Every structure is written in structure tokens, then in C-alpha cells.
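The stops below give selections in order.

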Amino acid sequence: MLRQSSGVYRFRHIELRNRLADTHGTTAPGADAPDGPVRRRAAAMARRTVVWATSLALLGALTATAGAYGPGGPHDALPPACELLSAQQLAPLMQEPSVRQAGHDQCGINPGPADSATITLDTQIVQPAPGKSAVAQAAAHLRRWAGGEAQWLDGPGDEARLVTRADLPNWAKVTVRSGNVLITVDLVHHKPHIAPAPVSVMAQQLARTALRNAALPAPSAPWPSMPRPKAPGTGLEGPATGSFGIAVQPAG
């Protein structure tokens with residue numbers, strides 16, 4: 001049945017070898033039967049292949065979970081930014097405002113010949129991110145570096161931040177968050193010594209007015225009050241009418 005060739009025993013009949021191979025399931029017809037080390041290497045490679053495939057499947061599952069976006073909302077639309085501060089509401093601060101709409105979410109209000117204030121109003125509807133809701137994303141945006149001295153305010157919207165700089169006493173910025181919406185008012189008053197109130201107070205009142213005009217939840221706590229404007233020609237304070245001394249009309 002076997003013959004010796006150079007120290008190796010081989011089957012004399014190929015058909016017998018193939019039949020035995022088929023019976024024990026070790027090789028395909030026409031192939032040499034693998035020895036023990038070959039079988040062990042093949043088994044080890046098969047185990048490694050299974051381990052790698054399992055690891056890749058788990059990694060894919062974890063990546064899919066981590067990449068899932070959090071919930072959006074609660075707000076998905078806002079009026080154009082320039083509709084959040086009307087000319088009437090700006091009247092105590094600016095007599096001839098020049099309004100420039102820079103896209104839906106930004107409004108630049110420049111001073112007229114007799115005015116001294118410049119206002120930039122920005123709105124943002126924050127979207128969810130992988131693993132974060134839209135509200136959490138908006139809160140994270142609010143906590144980024146502000147470019148000045150930040151002070152947290154009580155009451156407006158869900159939270160709000162006032163930013164000022166000691167070297168720029170005529171500048172203030174207020175950002176209010178309501179849900180996933182951010183409204184920012186950036187105010188520069190070029191003649192703060194004749195302003196109706198401190199620049200930081202005026203910026204807060206402008207942000208409060210914009211928040212209300214956007215039909216977002218009103219502040220739950222009072223903000224700094226604004227001095228009432230003086231009646232023309234008398235030097236006396238006029239009637240108390242609201243923000244900047246005028247009635248604030250919420251949208252809707």
C-alpha cells in the first residue's frame with residue numbers, strides 16, 4: 001500500500017489515498033494530506049479570524065451608538081433677527097437707527113447722525129450632536145470662551161451671561177439661552193457718559209426685549225431696571241413705560 005521515496009512513505013495508489021482522505025475529511029481530492037503543524041497553524045488562523053471579526057463587529061456597534069444624535073428642539077424656527085428689536089423699542093437709545101439685515105440670523109443696527117450706539121444682534125438655533133441633545137449643545141456653546149469678563153445672570157430664559165471688559169467700558173455683550181436657542185446682543189455706546197443707563201444694563205434690556213419678541217419664555221426674575229427717559233424740555237423723568245422707558249410689545 002505504501003512505498004518509500006527519499007525517507008518519505010507515500011501511497012502507491014492515488015485513489016486509495018483520496019478515498020481515505022474523503023472518509024476522514026482532511027483533504028480535498030488530489031491534495032496532499034496536511035501534517036500536524038499545518039493543521040495547528042490553520043486552526044490558530046481560524047481562531048484569530050473569528051476574534052478579529054468579533055472585534056470589528058463590536059467596534060462597529062459602539063461607533064454607531066456613539067454617533068447617534070441626541071434629541072432636537074424644542075425650538076426649530078425664529079423670526080428674522082432684525083424683527084426682534086423694533087424702531088420704537090430702540091427710540092430711547094437711537095433716534096435714527098440704520099438697520100442692516102445680514103442673513104436671517106444676524107442684524108446690524110448702526111447709529112444715525114444724532115446717535116451714539118451700535119448694536120449687533122445674533123440668533124442661533126442649535127442642532128443636536130452625536131451623543132448630545134440640542135439643549136445640551138446650546139448650553140455648551142454658552143460656556144465657551146467669551147472674550148472678556150463673564151458674569152452669569154439670574155432669570156432671563158433658561159440662563160444668560162453678561163460679558164464686559166475693563167479696558168472697554170463702553171462695550172457689553174449679553175447672550176440668553178432659551179432651550180436650544182441663543183440670542184446675543186452686542187452693544188457699543190460711543191458716548192457712555194451721556195447714555196441713559198450703564199452699557200451693561202442697556203445690553204441686558206435689549207436682550208430681554210429680543211427674547212420676548214421672539215415669543216420665547218420671558219425672564220422668570222426681574223432684570224436691572226432702566227431709568228425712565230426725561231420728558232422733553234423739562235429735565236424730569238417721564239412716565240414709566242417699560243424697557244428703555246417704552247412699552248415692550250411681545251410678538252404675537
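**Hairpin, sheet, core, helix**

Start with β4 and β5, which make a hairpin with six residues between them. Helices (H or I, at least four residues) and strands (E, at least two) are DSSP runs numbered from the N terminus. This is a predicted model, in which local features need pLDDT of at least 70 and side-chain atom pairs pLDDT 80 or more, while totals for chains, interfaces and linings use all residues. Residues count from 1 along each chain as its sequence is written, and side-chain values use heavy atoms, without hydrogens and water.

Select 106–110 and 117–125, the ranges of β4 and β5. These strands pair in the antiparallel sense over four bridges; pairing requires at least two DSSP bridges between two strands. Gly-108 sits opposite Thr-120 of β5. Thr-120 also stands opposite Asp-186 in β9.

Next, show Leu-121 and what lies in contact with it (heavy atoms within 4.5 Å). Beyond neighbours within four places in sequence, its contacts include Leu-85, Cys-107, Val-185 and Ala-210.

Leu-121 is among the residues with the most contacts inside the largest nonpolar core, which has 35 residues. Such a core is a set of buried Ala, Val, Leu, Ile, Met, Phe, Trp, Tyr and Cys residues joined through side-chain atoms within 4.5 Å. Buried means under 20% relative accessible area, with a 1.4 Å probe and protein chains only.

Finish at α4 (134–142), where the buried residues include Ala-138 and Leu-142. Their cover includes β5, β7 and β9.

Notes:
Buried < 20%, exposed > 50% of the residue type's maximum accessible area, 1.4 Å probe, protein only.
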